[in-house]
Amino acid sequence: MSLVTLPADADFAEIREVIDRDGGIIISNFASEELMDQMNDAIDPYFDAVVASGVMDEYVRDGVNFFPKNNVHVYGTFGKAPEVASKLLETPVHKQIMDHYLNDEYKFVVGEDIHSHNSGWGLLLTNAMRVSPGSIPQQLHRDQVVHCVPQTPFSGYATQMGCLIAGSDSTEANGATRVVPGSHKWEWDRRPKPEESVPAAMKKGSALFWLGQTVHGSGQNHMEPGSPNSVRKLYGMFGVRDYLRQEENLFLASPWETVKDCSTYALTKLGYVKTASGVGMVDLGHPLRWFKPLAHYRQQAGYDDSDIPENVVNK
Ligand SMILES: [Fe+2]
């Protein structure tokens, strides 16, 4: 079995049918090779900087290093290449898929009346991945565990939609993302077997979309270092339900200049926090450590944030 590939201008009913059935799809011709070259040029310098920083060395989730060696992630890519990222974000099929899967009608009672409103979506994260020879397979997993929604019985509810756009050809040999078709309908505790997964092989400029509850993981890069197309690059443009956040925008309503002398406890409750599941991270780290102006000020002012884990979740 393999994942279905449809062109970006396919009838949306067809795209929906595939995602509903398999939990994911590859969209060919999502972006031009030229646009992906621009993205590669803009982000390439950051990969080596991330390796040098050591930020990924100890990124442990549930007791295992979640990002295997030679699988380097850069975060905040939208802000690092806003013009190119905007074009990727505004690709019509991206909007169609996000609008459909991250949008539902919610009914509720106010007084005597039944009202309803519809959710929308926003960006969950924007990142870049560089998977080099020697990279071992990532543990198969579901992304939407970060929001800890009830998982059983299966509800069909996706909190998020993954989207990875290929900056180079993705092949089974260079570690294409592996997806388990149909796993979005599994009970939460069914363990995936590696042989149940299939490689999301795709050309540069194609995009892989998958529901937040679909099991997947980065594949193994078997290629020789330095051989043609041995390094795989991908750019994430993930979507999330727009209400999975604090109701008040506390970063704007209580900007850090006005709260910088508050306790570590207060700052974490205001949102300067990375949860145990990883939500709220900056460059994978805790914002009190990695939001540089804040960290620098608090260090200079003698505040002790040493109880904040540096770059490890579930420590
Ligand atoms: Fe994932």
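This is a predicted model: local features need pLDDT of at least 70, side-chain atom pairs count only at pLDDT 80 or more; totals for chains, interfaces and linings use all residues.
The protein is divided into domain 1 (5-241) and domain 2 (250-300). The C-alpha centres of domain 1 and domain 2 lie 27 Å apart.

**The seven-stranded sheet**

Seven strands make up an open sheet with mixed pairing, in the order β1-β2-β12-β9-β14-β8-β5. β1 (5-7) and β5 (71-75) stand at the edges; each has a single partner strand, so one side of each is left without a neighbour in the sheet. On average, neighbouring strands of this sheet are turned by 25° against each other, direction ignored.

Helix α1 (residues 12-22) lies across β1, β2, β9 and β12 (207-211), and runs at about 145° to β2. Helix α4 (residues 82-89) lies across β8, β9 and β14 (232-241), and runs at about 60° to β14.

An open sheet of three strands has the order β11-β10-β13, with antiparallel pairing. Its edge strands are β11 (198-199) and β13, each of which pairs on one side only. Strand β10 (residues 178-179) and β11 are joined in the antiparallel sense over two bridges. Here R178 stands opposite P199 in β11.

**The nonpolar cores**

Which residues have the most contacts inside the largest nonpolar core? They are I15, F30, L88, I97, M161 and F209, and the core as a whole has 38 residues. Helix α2 (residues 33-53) gives the most to this core, contributing six residues. Apart from it lies another core, of 13 residues, which includes M129, A166, V179 and L234.

I15 illustrates how parts of the chain meet. Leaving aside neighbours within four places in sequence, I15 is in contact with L6, P7, A10, I25, I27, V93 and I97.

**The iron site**

Which protein residues are donors of the iron ion? The donors are H141 (NE2), D143 (OD) and H216 (NE2), and they lie 2.1 to 2.2 Å from the ion. Along the chain, these donors follow the spacing H-x1-D-x72-H.

**Individual residues**

| Residue | Relative accessibility | Class |
|---|---|---|
| N127 | 2% | buried |
| G162 | 1% | buried |
| G134 | 49% | partly exposed |
| D283 | 34% | partly exposed |
| L284 | 2% | buried |

N127 belongs to strand β8. Not counting residues up to four places away in sequence, N127 touches H73, V74, Y75, T77, L164, L234, Y235, G236 and F238. N127 counts as buried because its relative accessibility is 2%, and buried means under 20%.

G162 is placed in strand β9. Its contacts, leaving aside neighbours within four places in sequence, are L208, F209, W210 and F238. G162 and V240 are 78 residues apart along the chain, yet their C-alpha atoms are separated by 8.8 Å.

G134 is found in the loop between β8 and β9. G134 and W121 are 13 residues apart in sequence, and their C-alpha atoms are 36 Å apart in space. Is G134 buried or partly exposed? At 49% relative accessibility, G134 counts as partly exposed.

Two further residues draw attention through their backbone angles. Most residues other than glycine have a negative phi. D283, although not a glycine, has a positive phi of about 50°, and L284 also has a positive value, near 75°. D283 lies in the loop between α8 (264-270) and α9 (287-290), and L284 lies in that loop between α8 and α9 as well. With a relative accessible area of 34%, D283 is partly exposed, whereas L284 is buried, with a relative accessible area of 2%.

Conventions
Residues are numbered from 1 along each chain as its sequence is written. Side-chain values use heavy atoms; hydrogens and water are left out. Donors are N, O and S atoms within 2.8 Å of the metal (3.2 Å for Na, K and Ca); water is not among the atoms, so sites may look incomplete. A nonpolar core is a set of buried Ala, Val, Leu, Ile, Met, Phe, Trp, Tyr and Cys residues joined through side-chain atoms within 4.5 Å. Buried means under 20% relative accessible area, exposed over 50%, partly exposed in between (1.4 Å probe, protein chains only). Helices (H or I, at least four residues) and strands (E, at least two) are DSSP runs, numbered from the N terminus. Contact means heavy atoms within 4.5 Å. Two strands pair if DSSP finds at least two bridges between them. Axes are lines fitted to C-alpha atoms, for helices over the stretch in contact, and angles run from 0 to 180 degrees between N-to-C directions. Domain bounds come from an automatic or database domain assignment.
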